[in-house]
Amino acid sequence: MKLSGIYQIRSKVKPERIYIGSAVNIHRRWHIHIYNLRHNTHHSKKLQNHFNKYGKNDLVFSVIIG
């Protein structure tokens, strides 16, 4: 089932760091974020640098409006 809406990616270590996005299929978009971050090709250099320093386990994905 597709869930569309607005989502956030928040850091556990630095909770003031938040990435906000929207997607027609949030689940698929999250997987694309993780794929790009793991391959060091994410379009957001700040999020990429954060991921490189703190890793995937620091990021919390959540739906704001679904």
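**Exercise 1.** How many residues are in the hairpin that joins β1 to β2? Then describe how the two strands pair.

*Solution.* The model is predicted.
- Step 1: Follow the chain from β1 to β2. The hairpin between them runs through six residues.
- Step 2: Check direction. β1 and β2 run antiparallel, with six bridges joining them.
- Step 3: Pick one bridge. Ile9 has Tyr19 in β2 as its partner.

**Exercise 2.** Find the residues of the nonpolar surface patch and the strands that supply at least two residues each.

*Solution.* 
- Step 1: List the members. They are Ile6, Ile18, Ile20, Ile64 and Ile65.
- Step 2: Give the area. Together they have about 420 Å² accessible.
- Step 3: Assign strands. β2 (18-23) and β3 (59-65) each supply at least two of the residues.

**Exercise 3.** Classify the aromatic pair of Tyr7 and Trp30, and explain what the pair ties together.

*Solution.* 
- Step 1: Count the pairs. There are two aromatic pairs.
- Step 2: Read the geometry of Tyr7 and Trp30. Their centres are 6.4 Å apart, with 85° between the planes. Over 60 degrees counts as edge-to-face, and this pair is edge-to-face.
- Step 3: Locate the partners. Tyr7 is in strand β1 and Trp30 in helix α1, so the pair ties together parts 23 residues apart in sequence.
- Step 4: Tyr7 and Trp30 are both buried. Ring pairs link Tyr7, Trp30 and Phe61 into a cluster.

Note on methods: Residues are numbered from 1 along each chain as its sequence is written. This is a predicted model: local features need pLDDT of at least 70, side-chain atom pairs count only at pLDDT 80 or more; totals for chains, interfaces and linings use all residues. Side-chain values use heavy atoms; hydrogens and water are left out. Patches are made of residues with over 30% relative accessible area and no salt bridge: like charges are joined within 9 Å, nonpolar side chains (Val, Leu, Ile, Met, Phe, Trp, Tyr) within 5 Å. Accessible areas come from the Shrake-Rupley method with a 1.4 Å probe; for residues, only the protein chains shown count as cover. A salt bridge is a side-chain nitrogen of Lys or Arg within 4 Å of a carboxyl oxygen of Asp or Glu. Helices (H or I, at least four residues) and strands (E, at least two) are DSSP runs, numbered from the N terminus. Rings of Phe, Tyr and Trp (its six-membered ring) pair if their centres lie within 6.5 Å; planes under 30 degrees apart count as stacked, over 60 as edge-to-face and the rest as tilted. Buried means under 20% relative accessible area, exposed over 50%, partly exposed in between (1.4 Å probe, protein chains only). Two strands pair if DSSP finds at least two bridges between them.
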